[in-house]
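Visitor: I would like to learn how to read a structure. Could you take me through this one, step by step?

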Amino acid sequence: MTTVIDVQNLTKRYKDKLALDGVSLTIDENTIYGVLGRNGAGKTTLMSILTAQNFATSGDALVFGERPYENARVLSRICFVRESQKYPDESTPTHAFRAARLFFRNWDQEFAERLIDDFQLPMKTRIKKLSRGQLSAVGVIIGLASRAEITFFDEPYLGLDAVARQIFYDRLLEDYAEFPRTIILSSHLIDEVANLIEKVIVIDGGRILLDEDTDALRGRAANVIGDATKVEAWAQGREVIHRESLGRVTSVTVLGHLDAAERAAIAADGLDLAAVSLQQLVVRLTQNASSSASDTAATITEEVH
Amino acid sequence: MIDEGRPLFLQIAEAIEESILDGTLVEDGQAPSTNELAAFYRINPATAAKGVALLTDKGILLKRRGIGMFVAAGARSILLAERRTTFAERYIDPLIAEARTLGLGPDDLAALLRERSAPIGDAGSTASTEGSSA
């Protein structure tokens, strides 16, 4: 697998805030990545450095083996759809798509028109008069129809209703299947994107908390629920990432794969076993990380664009 | 239909196996492509491809260059043999274990199974004959 992005020890400091803290990662070509994490975790900062819209304080980020700053060879091959994209005051979606068509060499006009239809986007309304969802649709359409070799979608769904989000996910999968490329999608709607993303990167407090195949995470953690004494006895010596109790009943979330024999033993003990979704796992892991490193992570409250 | 606790590619492979076992997909017939599976289950095509690869490795599916995926001849009997073993492990073994705690031997279990699996229509008559034999 070819590496298209190589990040080494990347750090970004805003005055007293550490937005990225020694991040290292690689991104493979033709893969869909999910970048997950809380607000202010560093997702947007990372994406904007990779797309040359922001500078790193230290460390290195190579895209297609080169530094992206003022580098047309790199920038013409990537597309960054950001949540707070600004457009010229008087421009309409027609203008935005015309500009995109000129810039992106793989632009597919027919696909763009189909998407405009799908999202029922008014083409002659000025962009600043569009609803939040329609504004997001403009970005989503550009991101999809550009067919850039690397496309970043930074929380592209704001204001899109459930139907429109499903259209986005479906079109993304269909088109990706036909035209494989690298997609880097940041999202808070983890359950919605869990089956779309092949790899998951969790960022917390400017650090990489998890960087793995999504499918490998399924079954990575489990909830065991039942009589408090029995649950605690069972959980002894295991890595508990969450624990809650209600009266005599305790629920623990533990890391680690449970084999058939362990599952049978849990059932024989009269305890219940429940699967942990990717969303639950990410929430538990980030809660855990912030509580154990609260002194450093908690100072970062807002992500700076 | 997707179960959170288990790898998706396994679930995709099992869904295809299920379709072969219940006759929805026939031997030598065309099987869904990776992209069709991805679109239908709304999952990443790479994950669907991994599920399909699992079945080609087992000789359940085969790829015909340029035409697509097909169900291999003999796929059903491979699956039936495999399922028979897992069925015994998953259902019969715990059944025997539970029966033992209730003091039921293999003969009692067999009688119970016959009684329970009798068609609804003649349940009464079967129950009475089972009753007399037990």
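Guide: Start with a hairpin. In chain A, β1(A) and β2(A) form one, with two residues between them. In the turn, A:K15 has a positive phi of about 45 degrees. Keep in mind that this is a predicted model.

Visitor: In which sense do strand β1 and strand β2 of chain A pair, and over how many bridges?

Guide: Look at the direction of each strand, then count the bridges. Strand β1 covers residues 3–14 of chain A, and strand β2 covers residues 17–28. They pair in the antiparallel sense, over eight bridges.

Visitor: What is the bridge partner of A:Y14 in β2(A)?

Guide: A:K17 is the partner of A:Y14.

Visitor: With which sense does β1(A) pair with strand β4 of chain A?

Guide: That pairing is antiparallel, over five bridges. Strand β4 of chain A spans residues 58–63. Find A:I5, and opposite it in β4(A) you will see A:V63.

Visitor: Which residues of α1(A) are buried?

Guide: They are A:K43, A:T44, A:T45, A:L46, A:M47, A:I49 and A:L50. Just after α1(A) comes another positive phi, about 65 degrees, at A:A52.

Visitor: What does the domain assignment of chain A give?

Guide: Domain 1 runs over 3–216, and domain 2 over 218–297. Their centres, taken over C-alpha atoms, are separated by 34 Å. The contact takes 13 residues from domain 1 of chain A and twelve residues from domain 2.

Visitor: Which elements supply at least two residues each on the domain 1 side of chain A?

Guide: Look for α7 (190–193), β8 (199–204), β9 (207–213) and α8 (214–217) of chain A. The residues on that side of domain 1 divide into six nonpolar, three polar and four charged.

Visitor: Let us move to chain B. How many helices and strands are there in chain B?

Guide: Chain B has six helices and two strands. Read along the sequence, the pattern is α-α-α-β-β-α-α-α. Of the 134 residues of chain B, 22% count as buried.

Visitor: What share of contacts in chain B, between residues at least 6 apart in sequence, join residues at least 24 apart?

Guide: The share is 52%. Take B:L54, in helix α3 (residues 45–57) of chain B. Leaving out residues up to four places away in sequence, B:L54 touches B:F9 and B:A13. B:L54 and B:I12 are 42 residues apart along the chain, yet their C-alpha atoms are separated by 9.8 Å.

Visitor: Why is B:L54 called partly exposed?

Guide: Count again. B:L54 has 18 other C-beta atoms within 10 Å, so it is partly exposed. Being buried takes 20 or more.

Visitor: How many residues of chain B are in contact with chain A?

Guide: 17 residues of chain B are in contact with 18 residues of chain A. On the chain B side, α1 (8–21), α2 (34–41) and α3 each supply at least two residues. The residues of that side divide into nine nonpolar, four polar and four charged.

Conventions
Residues numbered from 1 in each chain as written. Chains lettered and ligands numbered in written order. Predicted model: local features only at pLDDT ≥ 70, side-chain atom pairs only at ≥ 80, totals over all residues. Helix = DSSP H or I, 4+ residues; strand = E, 2+ residues; numbered from the N terminus. Buried ≥ 20, exposed ≤ 12 C-beta atoms within 10 Å, placed from the backbone. Contact = placed C-beta atoms within 7 Å. Pairing = 2+ DSSP bridges. Nonpolar A, V, L, I, M, F, W, Y, C, P; charged D, E, K, R; others polar. Domains from an automatic or database assignment.
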